[in-house]
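Hi there,

Here is the structure I promised to pass on to you.

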Amino acid sequence: MTCILVIDDDAAIRAMFARSLRTLGDVEEANGGAPALRRLSARKFDLVVLDLHMPLIDGFSVLESLSAKGALNRDTPVFVVTADESQQARIRALRRHAIFLLSKPVNLAMLVSLAESSLKKAAARATPPPPPDEAQPEEPTDD
């Protein structure tokens, strides 16, 4: 079963994202960087939706931990959602681990569509290709 982690310090935004993404699988929520890091070190997620600006441990710190060698969720796609329109913040997030950067207010249909596409691509990469058809040698005929 697909599992998505939504990380945001704003409860209303977290709930809105979680409600929208539940059509794709199980959704867990973390109300900031510290609880997010605990969850990310304890289990594998298929997708992370992350706010950048949170008190104490911000989204950039979460991205850094995800990029660390040996991190459990190192290969997990991360969508960053932020109200920060600065080019510097966007570049910093994309260089660290984010694959998409969405501006708040987020179009929920777009978030779900991007998440669905990302999850399908990840599943396709994880599924081993079928074995090639082995040609059966033909039986010799007595002509």
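Let me start with the chain as a whole: among its contacts (heavy atoms within 4.5 Å) between residues at least 6 apart in sequence, 58% join residues at least 24 apart. Please keep in mind that this is a predicted model, where local features need pLDDT of at least 70 and side-chain atom pairs count only at pLDDT 80 or more, while totals for chains, interfaces and linings use all residues. Residues are numbered from 1 along each chain as its sequence is written, and side-chain values use heavy atoms, with hydrogens and water left out.

The chain has 5 helices and 5 strands, taken as DSSP runs numbered from the N terminus (helices are H or I with at least four residues, strands are E with at least two). Along the sequence they follow the pattern β-α-β-α-β-α-β-α-β-α. Of the 143 residues, 39% are buried (under 20% relative accessible area, with exposed meaning over 50% and partly exposed in between, for a 1.4 Å probe and protein chains only).

H3 (residues 59-67) and H4 (residues 87-96) make an angle of about 20°, and their axes are 9 Å apart. The axes are lines fitted to C-alpha atoms over the stretch in contact, and angles run from 0 to 180 degrees between N-to-C directions. On the H3 side, Phe60, Leu63, Glu64 and Ser67 meet Ala89, Arg92, Ala93 and Arg96 of H4.

Is His97 buried or exposed? His97 is buried, with a relative accessible area of 14%. Leaving out residues up to four places away in sequence, His97 touches Leu63, Leu66, Ser67, Asn73, Arg74, Thr76 and Val78. A polar atom of the His97 side chain lies 3.2 Å from the backbone oxygen of Arg74.

Finally, look at Gly32, in the loop between strand E2 (26-30) and helix H2 (33-42). Gly32 is buried too, at 8% relative accessible area. Not counting residues up to four places away in sequence, Gly32 touches Ile7, Asp8 and Met54. The C-alpha atoms of Gly32 and Asp58 are 7.6 Å apart, although 26 residues separate the two along the chain.

Enjoy exploring!

Technical notes
A polar contact is a pair of N or O atoms within 3.5 Å; within protein, one must be able to donate a hydrogen and the other to accept it, and residues adjacent in sequence count only if both atoms are side-chain atoms.
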